[in-house]
Amino acid sequence: MKHIWVKLAFVIMTVGACAVLFSSLLSVKEMDVHFSMYANEVRNQHNQEISRVALQAYQDNQGWGAEAYHKLEAVSEVLGLHITLLDQQRQVKNEWGKWPVHTSNYSVDKIPLVSKGVMIGQLVISHDDRSAYMTLESHFQWAHKNTTLWTMVVLLILVIIISIPLARTMVRPVVQVSTAAQRVARGDLSIRVPEPSGKDEVTSLVAAFNNLVQSLEHQEELRKRLTSDIAHELRTPLNTLLAQVEGMIDGIWEATPKNLESTRSEVLRLSRLVRDLDQVIQVESGSLQMRSEEVELREVVKEVTESMSATFARAQVNFYFKGDHAAWIIGDRQRLAQIVANLLTNACKHTPAGGEVVVTVDKTSTMVRLQVKDSGTGIDQKDLPYVFERFYRGDRSRARERGGAGLGLTIVKGIVEAHKGIITLESRVGEGTTITILFPPQAHEAE
(Lines give C-alpha, C1' and ligand atoms only; values in the text may rest on other atoms or scores of the structure.)
Protein backbone atom coordinates (compact mmCIF):
# COMPACT_ATOMS: atom_id res chain seq x y z
CA MET A 1 0.00 0.00 0.00
CA LYS A 2 2.05 2.90 -1.28
CA HIS A 3 -0.78 5.40 -1.41
CA ILE A 4 -2.44 6.81 1.64
CA TRP A 5 -5.83 6.88 -0.07
CA VAL A 6 -5.66 3.07 -0.47
CA LYS A 7 -5.11 2.69 3.27
CA LEU A 8 -7.92 5.11 4.05
CA ALA A 9 -10.27 3.31 1.61
CA PHE A 10 -9.42 -0.02 3.24
CA VAL A 11 -10.18 1.43 6.67
CA ILE A 12 -13.51 2.85 5.46
CA MET A 13 -14.41 -0.50 3.87
CA THR A 14 -13.52 -2.39 7.06
CA VAL A 15 -15.50 -0.06 9.28
CA GLY A 16 -18.45 -0.03 6.88
CA ALA A 17 -18.48 -3.83 6.54
CA CYS A 18 -18.31 -4.29 10.32
CA ALA A 19 -21.15 -1.83 10.78
CA VAL A 20 -23.33 -3.61 8.19
CA LEU A 21 -22.63 -7.06 9.65
CA PHE A 22 -23.24 -5.93 13.21
CA SER A 23 -26.49 -4.17 12.34
CA SER A 24 -27.70 -7.19 10.34
CA LEU A 25 -26.97 -9.65 13.15
CA LEU A 26 -28.62 -7.34 15.66
CA SER A 27 -31.67 -7.01 13.41
CA VAL A 28 -32.05 -10.81 13.06
CA LYS A 29 -31.63 -11.36 16.79
CA GLU A 30 -34.14 -8.69 17.74
CA MET A 31 -36.64 -9.99 15.20
CA ASP A 32 -36.39 -13.53 16.63
CA VAL A 33 -37.01 -12.32 20.16
CA HIS A 34 -39.95 -10.10 19.29
CA PHE A 35 -41.57 -12.70 17.04
CA SER A 36 -41.41 -15.30 19.86
CA MET A 37 -43.06 -12.77 22.16
CA TYR A 38 -45.74 -12.20 19.52
CA ALA A 39 -46.39 -15.96 19.16
CA ASN A 40 -46.73 -16.40 22.95
CA GLU A 41 -49.13 -13.49 23.10
CA VAL A 42 -51.30 -15.02 20.37
CA ARG A 43 -51.38 -18.37 22.25
CA ASN A 44 -52.39 -16.66 25.50
CA GLN A 45 -55.18 -14.83 23.69
CA HIS A 46 -56.43 -18.18 22.28
CA ASN A 47 -56.40 -19.73 25.75
CA GLN A 48 -58.40 -16.83 27.20
CA GLU A 49 -60.92 -16.99 24.37
CA ILE A 50 -61.39 -20.77 24.77
CA SER A 51 -61.92 -20.45 28.54
CA ARG A 52 -64.40 -17.62 27.97
CA VAL A 53 -66.39 -19.77 25.52
CA ALA A 54 -66.42 -22.73 27.94
CA LEU A 55 -67.58 -20.63 30.89
CA GLN A 56 -70.31 -18.94 28.84
CA ALA A 57 -71.63 -22.35 27.69
CA TYR A 58 -71.52 -23.72 31.26
CA GLN A 59 -73.46 -20.72 32.63
CA ASP A 60 -76.05 -20.78 29.80
CA ASN A 61 -76.81 -24.49 30.35
CA GLN A 62 -76.39 -24.51 34.14
CA GLY A 63 -73.69 -27.18 33.78
CA TRP A 64 -71.65 -29.08 31.30
CA GLY A 65 -73.78 -30.34 28.46
CA ALA A 66 -73.97 -31.00 24.76
CA GLU A 67 -73.91 -27.30 23.79
CA ALA A 68 -70.69 -26.68 25.71
CA TYR A 69 -69.14 -29.80 24.24
CA HIS A 70 -70.18 -28.70 20.75
CA LYS A 71 -68.60 -25.27 21.11
CA LEU A 72 -65.32 -26.66 22.50
CA GLU A 73 -65.18 -29.17 19.67
CA ALA A 74 -65.69 -26.41 17.12
CA VAL A 75 -62.92 -24.34 18.66
CA SER A 76 -60.60 -27.38 18.68
CA GLU A 77 -61.18 -27.97 14.97
CA VAL A 78 -60.76 -24.33 13.96
CA LEU A 79 -57.50 -23.76 15.91
CA GLY A 80 -56.13 -27.30 15.47
CA LEU A 81 -55.71 -27.84 19.23
CA HIS A 82 -56.26 -30.82 21.52
CA ILE A 83 -58.58 -29.74 24.35
CA THR A 84 -59.38 -31.80 27.45
CA LEU A 85 -62.13 -30.81 29.89
CA LEU A 86 -61.69 -31.94 33.52
CA ASP A 87 -64.36 -31.74 36.24
CA GLN A 88 -63.94 -30.51 39.80
CA GLN A 89 -62.29 -33.79 40.80
CA ARG A 90 -59.80 -33.55 37.93
CA GLN A 91 -61.57 -36.38 36.10
CA VAL A 92 -61.77 -36.28 32.33
CA LYS A 93 -65.25 -35.36 31.18
CA ASN A 94 -64.45 -35.09 27.47
CA GLU A 95 -61.70 -34.28 24.98
CA TRP A 96 -61.56 -33.00 21.42
CA GLY A 97 -59.05 -32.73 18.62
CA LYS A 98 -55.96 -34.70 17.72
CA TRP A 99 -52.92 -35.08 19.91
CA PRO A 100 -49.89 -33.22 18.54
CA VAL A 101 -47.90 -35.28 16.02
CA HIS A 102 -44.55 -34.30 17.50
CA THR A 103 -45.00 -35.21 21.13
CA SER A 104 -41.57 -33.90 22.07
CA ASN A 105 -42.33 -30.40 20.73
CA TYR A 106 -45.61 -29.41 22.23
CA SER A 107 -46.61 -27.40 25.23
CA VAL A 108 -49.56 -27.78 27.58
CA ASP A 109 -51.51 -24.96 29.19
CA LYS A 110 -53.81 -25.75 32.14
CA ILE A 111 -56.56 -23.18 32.64
CA PRO A 112 -58.81 -23.38 35.75
CA LEU A 113 -62.49 -22.61 35.13
CA VAL A 114 -64.12 -20.57 37.92
CA SER A 115 -67.76 -19.49 37.84
CA LYS A 116 -69.11 -17.16 40.54
CA GLY A 117 -66.17 -17.99 42.80
CA VAL A 118 -66.58 -21.76 42.47
CA MET A 119 -64.14 -24.07 40.73
CA ILE A 120 -66.17 -25.87 38.07
CA GLY A 121 -63.42 -27.61 36.18
CA GLN A 122 -60.20 -27.21 34.22
CA LEU A 123 -59.20 -26.99 30.55
CA VAL A 124 -55.98 -28.67 29.37
CA ILE A 125 -54.93 -27.26 25.99
CA SER A 126 -52.08 -28.92 24.08
CA HIS A 127 -50.28 -26.70 21.51
CA ASP A 128 -48.21 -28.27 18.75
CA ASP A 129 -45.51 -25.61 18.46
CA ARG A 130 -43.81 -27.24 15.50
CA SER A 131 -46.91 -27.56 13.40
CA ALA A 132 -48.54 -24.28 14.30
CA TYR A 133 -46.59 -21.25 15.53
CA MET A 134 -43.13 -22.58 14.77
CA THR A 135 -43.96 -23.08 11.13
CA LEU A 136 -45.12 -19.51 10.80
CA GLU A 137 -42.15 -18.25 12.80
CA SER A 138 -39.65 -20.22 10.72
CA HIS A 139 -41.15 -18.92 7.52
CA PHE A 140 -41.09 -15.36 8.75
CA GLN A 141 -37.52 -15.73 10.02
CA TRP A 142 -36.36 -17.20 6.73
CA ALA A 143 -37.94 -14.31 4.83
CA HIS A 144 -36.44 -11.77 7.17
CA LYS A 145 -32.96 -13.32 7.08
CA ASN A 146 -33.07 -13.59 3.31
CA THR A 147 -34.02 -9.91 3.01
CA THR A 148 -31.33 -8.93 5.51
CA LEU A 149 -28.71 -10.95 3.61
CA TRP A 150 -29.47 -9.24 0.31
CA THR A 151 -29.60 -5.85 1.98
CA MET A 152 -26.23 -6.56 3.56
CA VAL A 153 -24.71 -7.53 0.21
CA VAL A 154 -26.04 -4.35 -1.43
CA LEU A 155 -24.74 -2.21 1.42
CA LEU A 156 -21.29 -3.83 1.25
CA ILE A 157 -21.11 -3.14 -2.49
CA LEU A 158 -22.15 0.48 -1.88
CA VAL A 159 -19.49 0.81 0.84
CA ILE A 160 -16.82 -0.43 -1.56
CA ILE A 161 -17.99 1.83 -4.38
CA ILE A 162 -18.24 4.93 -2.18
CA SER A 163 -15.10 4.38 -0.08
CA ILE A 164 -12.63 4.62 -2.97
CA PRO A 165 -13.63 8.07 -4.37
CA LEU A 166 -14.32 9.29 -0.82
CA ALA A 167 -10.81 8.31 0.32
CA ARG A 168 -9.20 9.91 -2.74
CA THR A 169 -11.15 13.13 -2.14
CA MET A 170 -10.26 13.27 1.56
CA VAL A 171 -6.52 12.77 1.06
CA ARG A 172 -6.20 14.90 -2.09
CA PRO A 173 -5.11 18.05 -0.14
CA VAL A 174 -2.55 16.01 1.80
CA VAL A 175 -1.15 14.56 -1.43
CA GLN A 176 -1.03 18.06 -2.94
CA VAL A 177 0.82 19.36 0.13
CA SER A 178 3.28 16.46 -0.12
CA THR A 179 3.93 17.14 -3.81
CA ALA A 180 4.26 20.86 -3.19
CA ALA A 181 6.68 20.23 -0.30
CA GLN A 182 8.93 18.25 -2.64
CA ARG A 183 8.93 21.15 -5.13
CA VAL A 184 9.70 23.58 -2.31
CA ALA A 185 12.62 21.37 -1.29
CA ARG A 186 13.91 21.70 -4.86
CA GLY A 187 13.75 25.49 -4.55
CA ASP A 188 10.41 26.29 -6.17
CA LEU A 189 8.85 28.79 -3.73
CA SER A 190 6.16 30.00 -6.11
CA ILE A 191 3.93 26.94 -5.64
CA ARG A 192 0.71 27.15 -3.62
CA VAL A 193 -1.84 24.47 -2.73
CA PRO A 194 -5.53 25.25 -3.39
CA GLU A 195 -7.33 25.48 -0.06
CA PRO A 196 -10.28 23.06 0.27
CA SER A 197 -13.63 24.33 1.43
CA GLY A 198 -14.54 23.91 5.08
CA LYS A 199 -12.79 24.70 8.33
CA ASP A 200 -11.33 21.35 9.37
CA GLU A 201 -7.76 20.35 10.21
CA VAL A 202 -6.89 19.62 6.56
CA THR A 203 -7.89 23.16 5.57
CA SER A 204 -5.76 24.53 8.40
CA LEU A 205 -2.85 22.34 7.27
CA VAL A 206 -3.06 23.66 3.69
CA ALA A 207 -3.36 27.26 4.89
CA ALA A 208 -0.38 26.83 7.23
CA PHE A 209 1.68 25.29 4.43
CA ASN A 210 0.86 28.15 2.06
CA ASN A 211 1.74 30.70 4.73
CA LEU A 212 5.00 28.87 5.40
CA VAL A 213 5.96 28.86 1.70
CA GLN A 214 4.98 32.51 1.37
CA SER A 215 7.14 33.34 4.37
CA LEU A 216 10.04 31.36 2.90
CA GLU A 217 9.61 33.17 -0.40
CA HIS A 218 9.64 36.52 1.39
CA GLN A 219 12.71 35.52 3.42
CA GLU A 220 14.45 34.40 0.25
CA GLU A 221 13.63 37.73 -1.37
CA LEU A 222 14.96 39.56 1.68
CA ARG A 223 18.11 37.43 1.66
CA LYS A 224 18.79 38.28 -1.98
CA ARG A 225 18.00 41.89 -1.28
CA LEU A 226 20.27 41.87 1.78
CA THR A 227 23.15 40.47 -0.23
CA SER A 228 22.60 43.05 -2.96
CA ASP A 229 22.33 45.91 -0.46
CA ILE A 230 25.45 44.92 1.45
CA ALA A 231 27.37 44.69 -1.80
CA HIS A 232 26.06 48.08 -2.88
CA GLU A 233 26.73 49.75 0.48
CA LEU A 234 30.30 48.44 0.48
CA ARG A 235 30.97 49.04 -3.18
CA THR A 236 30.21 52.78 -3.19
CA PRO A 237 32.70 53.93 -0.52
CA LEU A 238 35.30 51.35 -1.61
CA ASN A 239 35.15 52.58 -5.23
CA THR A 240 35.46 56.14 -3.99
CA LEU A 241 38.46 55.25 -1.82
CA LEU A 242 40.04 53.28 -4.65
CA ALA A 243 39.64 56.20 -7.06
CA GLN A 244 41.10 58.65 -4.54
CA VAL A 245 44.10 56.41 -3.74
CA GLU A 246 44.76 55.77 -7.44
CA GLY A 247 44.49 59.51 -8.07
CA MET A 248 47.11 60.14 -5.37
CA ILE A 249 49.41 57.48 -6.87
CA ASP A 250 49.04 58.93 -10.35
CA GLY A 251 49.58 62.42 -8.99
CA ILE A 252 46.30 63.77 -10.36
CA TRP A 253 44.60 64.01 -6.95
CA GLU A 254 46.56 65.92 -4.36
CA ALA A 255 46.53 64.85 -0.72
CA THR A 256 45.25 68.19 0.51
CA PRO A 257 43.47 68.48 3.88
CA LYS A 258 40.15 68.85 2.05
CA ASN A 259 40.72 65.74 -0.08
CA LEU A 260 41.96 63.75 2.90
CA GLU A 261 38.81 64.77 4.83
CA SER A 262 36.75 63.39 1.95
CA THR A 263 38.69 60.13 2.18
CA ARG A 264 38.14 60.07 5.94
CA SER A 265 34.39 60.53 5.44
CA GLU A 266 34.27 57.46 3.22
CA VAL A 267 36.25 55.46 5.80
CA LEU A 268 33.84 56.62 8.53
CA ARG A 269 30.93 55.62 6.33
CA LEU A 270 32.37 52.13 6.00
CA SER A 271 33.05 52.03 9.72
CA ARG A 272 29.43 53.01 10.56
CA LEU A 273 28.08 50.38 8.21
CA VAL A 274 30.23 47.67 9.78
CA ARG A 275 29.27 48.87 13.25
CA ASP A 276 25.56 48.84 12.41
CA LEU A 277 25.83 45.38 10.91
CA ASP A 278 27.60 44.19 14.02
CA GLN A 279 24.86 45.63 16.21
CA VAL A 280 22.15 44.02 14.07
CA ILE A 281 23.85 40.66 14.46
CA GLN A 282 24.16 41.17 18.22
CA VAL A 283 20.54 42.22 18.78
CA GLU A 284 19.23 39.41 16.60
CA SER A 285 21.38 36.82 18.36
CA GLY A 286 20.62 38.25 21.82
CA SER A 287 24.30 38.83 22.59
CA LEU A 288 24.13 42.64 22.72
CA GLN A 289 25.72 43.86 25.94
CA MET A 290 23.08 45.62 28.03
CA ARG A 291 23.33 47.28 31.43
CA SER A 292 20.45 47.00 33.87
CA GLU A 293 20.02 50.13 35.94
CA GLU A 294 17.35 52.57 36.98
CA VAL A 295 16.93 55.15 34.22
CA GLU A 296 14.73 58.23 34.14
CA LEU A 297 13.59 58.07 30.52
CA ARG A 298 12.44 61.69 30.37
CA GLU A 299 15.93 62.92 31.24
CA VAL A 300 17.49 60.71 28.58
CA VAL A 301 15.11 62.07 25.94
CA LYS A 302 15.74 65.67 27.01
CA GLU A 303 19.50 65.21 26.75
CA VAL A 304 19.25 63.76 23.27
CA THR A 305 16.79 66.39 22.04
CA GLU A 306 18.98 69.19 23.34
CA SER A 307 21.98 67.76 21.52
CA MET A 308 19.95 67.57 18.31
CA SER A 309 18.34 70.99 18.53
CA ALA A 310 20.88 72.37 16.05
CA THR A 311 20.06 69.60 13.59
CA PHE A 312 16.35 70.45 13.69
CA ALA A 313 17.07 74.16 13.40
CA ARG A 314 19.27 73.60 10.37
CA ALA A 315 16.53 71.48 8.75
CA GLN A 316 13.93 74.15 9.65
CA VAL A 317 11.79 71.52 11.39
CA ASN A 318 9.78 72.58 14.43
CA PHE A 319 10.50 70.37 17.41
CA TYR A 320 8.38 69.91 20.56
CA PHE A 321 8.97 67.85 23.65
CA LYS A 322 6.17 66.78 25.99
CA GLY A 323 6.86 65.16 29.33
CA ASP A 324 5.92 66.65 32.67
CA HIS A 325 6.47 63.68 34.95
CA ALA A 326 9.41 61.44 35.69
CA ALA A 327 9.27 58.03 34.05
CA TRP A 328 11.56 55.44 35.59
CA ILE A 329 12.38 52.22 33.88
CA ILE A 330 15.05 49.52 34.14
CA GLY A 331 17.48 49.56 31.20
CA ASP A 332 20.70 50.71 29.59
CA ARG A 333 20.98 54.50 29.47
CA GLN A 334 23.26 54.57 26.42
CA ARG A 335 21.12 52.15 24.44
CA LEU A 336 18.00 54.13 25.29
CA ALA A 337 19.72 57.30 24.12
CA GLN A 338 20.65 55.46 20.93
CA ILE A 339 16.98 54.62 20.36
CA VAL A 340 15.87 58.22 20.81
CA ALA A 341 18.68 59.59 18.61
CA ASN A 342 17.91 57.10 15.86
CA LEU A 343 14.19 57.84 15.86
CA LEU A 344 14.72 61.62 15.92
CA THR A 345 17.30 61.41 13.13
CA ASN A 346 14.84 59.48 10.95
CA ALA A 347 12.02 61.91 11.78
CA CYS A 348 14.19 64.92 10.93
CA LYS A 349 15.33 63.35 7.64
CA HIS A 350 11.81 62.59 6.45
CA THR A 351 10.11 65.81 7.61
CA PRO A 352 10.22 68.73 5.17
CA ALA A 353 11.06 72.28 6.20
CA GLY A 354 8.20 73.84 8.11
CA GLY A 355 7.01 70.48 9.43
CA GLU A 356 7.10 69.38 13.05
CA VAL A 357 8.33 66.55 15.21
CA VAL A 358 6.76 65.87 18.61
CA VAL A 359 8.34 63.63 21.24
CA THR A 360 6.21 62.55 24.18
CA VAL A 361 7.18 60.69 27.34
CA ASP A 362 4.39 59.74 29.74
CA LYS A 363 3.12 56.90 31.89
CA THR A 364 0.02 54.77 31.65
CA SER A 365 -1.24 52.56 34.44
CA THR A 366 1.00 49.68 33.36
CA MET A 367 3.60 51.02 30.93
CA VAL A 368 5.96 53.92 30.22
CA ARG A 369 5.38 55.34 26.76
CA LEU A 370 7.87 57.00 24.42
CA GLN A 371 6.30 58.39 21.25
CA VAL A 372 7.90 60.16 18.27
CA LYS A 373 5.44 61.72 15.87
CA ASP A 374 6.35 63.64 12.73
CA SER A 375 4.43 65.34 9.93
CA GLY A 376 6.80 64.04 7.28
CA THR A 377 6.38 62.15 4.04
CA GLY A 378 5.01 58.99 5.65
CA ILE A 379 5.41 55.35 4.59
CA ASP A 380 3.39 53.45 2.03
CA GLN A 381 1.02 50.88 3.55
CA LYS A 382 2.60 48.05 1.58
CA ASP A 383 5.99 48.80 3.19
CA LEU A 384 4.75 48.95 6.80
CA PRO A 385 5.07 45.19 7.56
CA TYR A 386 8.74 45.27 6.55
CA VAL A 387 10.07 48.52 8.02
CA PHE A 388 11.90 46.66 10.79
CA GLU A 389 13.60 44.27 8.34
CA ARG A 390 17.33 44.65 7.69
CA PHE A 391 18.19 46.99 4.79
CA TYR A 392 14.51 47.46 4.01
CA ARG A 393 13.78 50.84 2.45
CA GLY A 394 10.50 51.62 0.77
CA ASP A 395 11.91 54.15 -1.70
CA ARG A 396 15.44 52.80 -1.98
CA SER A 397 16.86 55.48 -4.26
CA ARG A 398 15.58 58.33 -2.09
CA ALA A 399 16.68 56.53 1.07
CA ARG A 400 20.24 56.29 -0.19
CA GLU A 401 20.18 59.97 -1.07
CA ARG A 402 19.35 60.63 2.59
CA GLY A 403 22.22 58.45 3.78
CA GLY A 404 20.20 55.58 5.32
CA ALA A 405 21.31 52.00 5.07
CA GLY A 406 18.03 50.54 6.34
CA LEU A 407 19.51 49.22 9.60
CA GLY A 408 18.41 51.86 12.10
CA LEU A 409 14.90 50.60 12.84
CA THR A 410 16.16 47.01 12.97
CA ILE A 411 18.61 48.02 15.70
CA VAL A 412 15.96 50.06 17.52
CA LYS A 413 13.53 47.14 17.53
CA GLY A 414 16.22 44.81 18.85
CA ILE A 415 17.16 47.17 21.68
CA VAL A 416 13.48 47.75 22.60
CA GLU A 417 12.83 44.02 22.78
CA ALA A 418 15.99 43.60 24.88
CA HIS A 419 14.30 46.00 27.34
CA LYS A 420 11.15 43.81 27.22
CA GLY A 421 9.41 46.65 25.42
CA ILE A 422 7.00 46.80 22.49
CA ILE A 423 7.45 49.00 19.43
CA THR A 424 4.72 49.84 16.93
CA LEU A 425 4.65 52.09 13.89
CA GLU A 426 1.73 53.86 12.23
CA SER A 427 2.10 55.90 9.08
CA ARG A 428 0.24 57.36 6.10
CA VAL A 429 1.78 58.81 3.00
CA GLY A 430 1.65 62.62 3.18
CA GLU A 431 0.45 62.66 6.80
CA GLY A 432 3.52 61.52 8.73
CA THR A 433 4.67 58.69 10.94
CA THR A 434 4.10 57.84 14.59
CA ILE A 435 6.37 55.40 16.42
CA THR A 436 5.26 54.28 19.86
CA ILE A 437 7.43 52.36 22.31
CA LEU A 438 6.05 50.89 25.53
CA PHE A 439 8.48 49.96 28.32
CA PRO A 440 7.60 48.12 31.52
CA PRO A 441 7.95 50.61 34.40
CA GLN A 442 10.27 50.21 37.33
CA ALA A 443 8.81 47.86 39.93
CA HIS A 444 7.98 50.43 42.62
CA GLU A 445 6.28 52.71 40.06
CA ALA A 446 4.17 49.87 38.75
CA GLU A 447 2.92 49.34 42.30
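**Backbone, surface and ring contacts**

Mentor: Lysine 116 is exposed, because its relative accessible area is 81%. Please keep in mind throughout that the model is a predicted one.

Trainee: Where does lysine 116 lie, and between which strands?

Mentor: The phi of lysine 116 is near 55°, a positive value in a residue that is not glycine. Most residues other than glycine have a negative phi. As for its place, lysine 116 belongs to the loop that runs between strand E3 (106–115) and strand E4 (118–128).

Trainee: How far apart are the end C-alpha atoms of helix H4 (residues 201–250)?

Mentor: Helix H4 has 50 residues, and at 1.5 Å a residue these should span 74 Å. Just after H4, glycine 251 takes a positive phi of about 80°.

Trainee: Which residues of the nonpolar surface patch can you name, and what is its area?

Mentor: The patch includes Leu149, Trp150, Ile157 and Met170. Methionine 170 is found in helix H3 (residues 133–185), and with a relative accessible area of 44% methionine 170 is partly exposed. The area of the patch is about 1,000 Å².

Trainee: How are the rings of tyrosine 69 and tryptophan 96 arranged?

Mentor: A search of the whole structure finds three aromatic pairs. In the pair of tyrosine 69 and tryptophan 96, the ring centres are 5.7 Å apart and the planes stand at 45°, so the arrangement is tilted. Because tyrosine 69 lies in helix H2 (residues 66–79) and tryptophan 96 in strand E2 (residues 92–96), the pair ties together parts that are 27 residues apart in sequence. Both residues are buried, and the name for their ring arrangement is tilted.

Trainee: Which residue does arginine 168 lie over?

Mentor: The contact is with the face of a ring, and arginine 168 is 4.5 Å from the ring centre. The residue that carries this ring is tryptophan 5.

Trainee: What distance separates the C-alpha atoms of asparagine 346 and glycine 408?

Mentor: Asparagine 346 is found in helix H8 (residues 333–349), and at 24% relative accessibility asparagine 346 counts as partly exposed. Along the chain, asparagine 346 and glycine 408 are 62 residues apart, while their C-alpha atoms are separated by 8.5 Å.

Technical notes
Residues are numbered from 1 along each chain as its sequence is written. This is a predicted model: local features need pLDDT of at least 70, side-chain atom pairs count only at pLDDT 80 or more; totals for chains, interfaces and linings use all residues. Side-chain values use heavy atoms; hydrogens and water are left out. Helices (H or I, at least four residues) and strands (E, at least two) are DSSP runs, numbered from the N terminus. Buried means under 20% relative accessible area, exposed over 50%, partly exposed in between (1.4 Å probe, protein chains only). The expected span of a helix is 1.5 Å times one less than its number of residues. Patches are made of residues with over 30% relative accessible area and no salt bridge: like charges are joined within 9 Å, nonpolar side chains (Val, Leu, Ile, Met, Phe, Trp, Tyr) within 5 Å. Accessible areas come from the Shrake-Rupley method with a 1.4 Å probe; for residues, only the protein chains shown count as cover. A salt bridge is a side-chain nitrogen of Lys or Arg within 4 Å of a carboxyl oxygen of Asp or Glu. Rings of Phe, Tyr and Trp (its six-membered ring) pair if their centres lie within 6.5 Å; planes under 30 degrees apart count as stacked, over 60 as edge-to-face and the rest as tilted. A charge sits over a ring if NZ of Lys or CZ of Arg is within 6 Å of the ring centre and within 35 degrees of the ring normal.
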